[in-house]
Amino acid sequence: MTFPPLQSLPDARVYVAYHDARPVLEGRHLVPIQVGRALSGMLLPGVLGDDTGDSISRLNPAYCELTAHYWAWRNDPSGGPIGLMHYRRLFDLGCRLPARSHPERHVAGFDARIYAADVARHFATAGVELVVPRPIRLRRSLARQYERCHRPDELRAMRDAVADRHPDFRPALDRALQGNRLLLGNMFIMPRPVLDHYSPLLFDILRATGDRLAGRDGPPGYQARYPGFLAERILTAYVLGGYARAAFPDLRVQHRGILNIDTTVPTGAGWLRLARLCLEGRIGIRDALRLKSSGRGADRP
């Protein structure tokens with residue numbers, strides 16, 4: 001598929017998922033959306049909900065930010081690029097992170113107005129691109145890491161679902177699972193044709209995987225989010241496994257770092273843990289000292 005030039009595209013929209021009351025990001029291209037609103041007793045004022053139209057809002061405890069993805073795919077009428085970020089994890093669209101930093105980096109002193117300007121400049125100057133996070137490199141293959149950190153039957157069920165319903169995707173999935181690079185957070189900015197190609201694949205695989213796991217004892221707490229964890233592997237396979245490039249040969253892929261603006265983790269960390277975060281490039285030394293000395297909680301936009 002050949003993409004039209006940027007100037008002929010409708011306005012880009014990047015949805016930012018929120019689940020509780022806090023100041024929200026604002027800007028021409030930024031659209032805050034409340035996830036899981038069908039199950040919430042609180043409506044965030046001035047924020048779009050994921051529970052209108054064609055929605056899966058009630059699946060949010062398991063699907064996490066994917067309920068916003070589904071809503072945007074099924075209900076946003078625009079033909080322009082569509083993106084998804086989190087309230088505390090944002091694409092570094094201003095290229096402000098050091099090149100050798102960790103793919104996700106905690107930052108202090110986040111300025112929402114500067115960030116909105118970065119987003120506007122990105123869409124004013126960028127080409128028609130697929131934007132995804134810079135991949136994180138794990139110590140094990142994606143398959144072994146998932147089996148170690150989650151429930152192995154989930155990965156087996158996903159592989160079976162792909163083999164049955166999307167056999168053409170299986171080679172890309174196998175390549176990704178045998179490798180050790182992972183795209184975090186189910187975050188993206190996609191040209192609309194790519195979104196309409198990826199989304200049916202993603203949600204059909206997750207639905208078929210859930211059907212195969214029906215009847216088992218549900219995983220507790222954090223592990224109940226397994227559809228979100230599996231979706232990260234599916235996006236990784238779609239992009240790094242070569243499936244997107246096969247469908248869109250002229251598609252350019254841009255990897256961006258993630259700004260983590262929730263400073264709770266570095267603020268609450270002990271000095272040894274903080275030193276390790278600095279050595280891993282997850283936070284800059286100046287930001288670490290600034291947050292530790294201030295003793296503040298999360299910076300909010």
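**Close-up views of a predicted model**

**View 1. Strands β5 and β12 pair in an open sheet.** Strand β12 (residues 258-260) runs antiparallel to β5, and three bridges join the two. Pairing here requires at least two bridges found by DSSP between two strands. The model is predicted: local features need pLDDT of at least 70, side-chain atom pairs count only at pLDDT 80 or more, and totals for chains, interfaces and linings use all residues. Residues are numbered from 1 along each chain as its sequence is written, and side-chain values use heavy atoms, leaving out hydrogens and water. Leu90 stands opposite Leu259 in β12. The open sheet has three strands in the order β5-β12-β6, with mixed pairing. Its edge strands, β5 (89-91) and β6, each pair on one side only. From one strand to the next, the twist averages 30°. Axes for such angles are lines fitted to C-alpha atoms, and angles run from 0 to 180 degrees between N-to-C directions. Strands are DSSP runs of E, at least two residues; helices are runs of H or I, at least four; both are numbered from the N terminus.

**View 2. The largest pocket is lined by 44 residues.** Arg89, Glu104, Leu184, Tyr222 and Glu232 lie nearest its centre. The pocket holds about 1,600 Å³ of space. A pocket is an open set of points on a 1 Å grid over the protein atoms alone, where a 1.4 Å probe fits, with protein on both sides within 12 Å along at least five of seven lines; lining residues have an atom within 4 Å of a point. Grid points are joined across faces, edges and corners, and the volume is the space filled by probe spheres set on them. Helix α8 gives the most to the lining, with four residues. Elements that supply at least two residues each include β1 (13-18), β6 (104-106) and α8 (226-240).

**View 3. His150 sits in a loop.** The loop lies between α4 and α5 (152-165). His150 counts as buried, at 12% relative accessibility. Buried means under 20% relative accessible area, exposed over 50%, and partly exposed in between (1.4 Å probe, protein chains only). His150 and Arg225 are 75 residues apart in sequence, yet 10.0 Å apart in space, C-alpha to C-alpha.

**View 4. The structure holds zero disulfides.** A disulfide is a pair of cysteine sulfur atoms within 2.5 Å. For Cys64, the closest cysteine sulfur is in Cys149, 16 Å away, so the two are too far apart for a bond. Cys64 is buried, at 16% relative accessible area, whereas Cys95 is exposed, at 55%.
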